[in-house]
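Please look over the sequence and the model below.

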Amino acid sequence: MTHVITDECIVCGSCETECPENAISMGDEHYEIDPEKCKDNAACVEVCPVDAIVKQE
Ligand code: SF4
C-alpha cells in the first residue's frame, strides 16, 4: 500500500504542491492521496503540520 491522509488533516493544502507525482488532491472531507499515483517518496509527510500523513502497511 501507500501513504494515506487521516482525519487529522486540517485542509491546509501544503502537501498538495509537494507531491512530485501529483497524487494529492482535495477529497470530500480532507485531502486524499491517489494510491495509483503514490510512489511512497514521503515528501508530503515532511510538510504536514499535524502529522496527518501516515504510511499504510
Ligand atoms: Fe492536510 Fe497535512 Fe496535507 Fe495540510 S499537509 S492538507 S493538514 S494532510
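Which residues gather in a patch of negative charge on the surface? In this predicted model, the patch is made up of Asp7, Glu8, Asp28, Glu29 and Glu32. One of these residues, Glu32, lies in strand S3, which covers residues 31-33. Glu32 has a relative accessible area of 40% and is therefore partly exposed; a residue needs over 30% relative accessible area and no salt bridge to be part of a patch.

The phi angle of Asp40 is positive, near 60 degrees, although the residue is not glycine. With a relative accessibility of 28%, Asp40 counts as partly exposed.

Side chains of opposite charge can pair when their charged atoms come close. How many salt bridges does the structure hold? There is one, and it joins Asp40 to Lys55, with 3.1 Å between the closest N and O atoms. The pair links distant parts of the chain: Asp40 sits in the loop between S3 and H2, Lys55 in strand S4, and the two are 15 residues apart. Lys55 is partly exposed, at a relative accessible area of 44%.

A positive phi also occurs at Asp51, a residue other than glycine, where the angle is near 50 degrees. Asp51 belongs to the loop between H2 and strand S4 (53-55). Is Asp51 buried or exposed? Asp51 counts as exposed because its relative accessibility is 60%, and the cut-off for exposed is over 50%.

Conventions: Residues are numbered from 1 along each chain as its sequence is written. This is a predicted model: local features need pLDDT of at least 70, side-chain atom pairs count only at pLDDT 80 or more; totals for chains, interfaces and linings use all residues. Side-chain values use heavy atoms; hydrogens and water are left out. Patches are made of residues with over 30% relative accessible area and no salt bridge: like charges are joined within 9 Å, nonpolar side chains (Val, Leu, Ile, Met, Phe, Trp, Tyr) within 5 Å. Accessible areas come from the Shrake-Rupley method with a 1.4 Å probe; for residues, only the protein chains shown count as cover. A salt bridge is a side-chain nitrogen of Lys or Arg within 4 Å of a carboxyl oxygen of Asp or Glu. Lys and Arg count as positive and Asp and Glu as negative; His and the chain ends are not counted. The place of a charge is taken as NZ of Lys, CZ of Arg, CG of Asp or CD of Glu. Helices (H or I, at least four residues) and strands (E, at least two) are DSSP runs, numbered from the N terminus. Buried means under 20% relative accessible area, exposed over 50%, partly exposed in between (1.4 Å probe, protein chains only).
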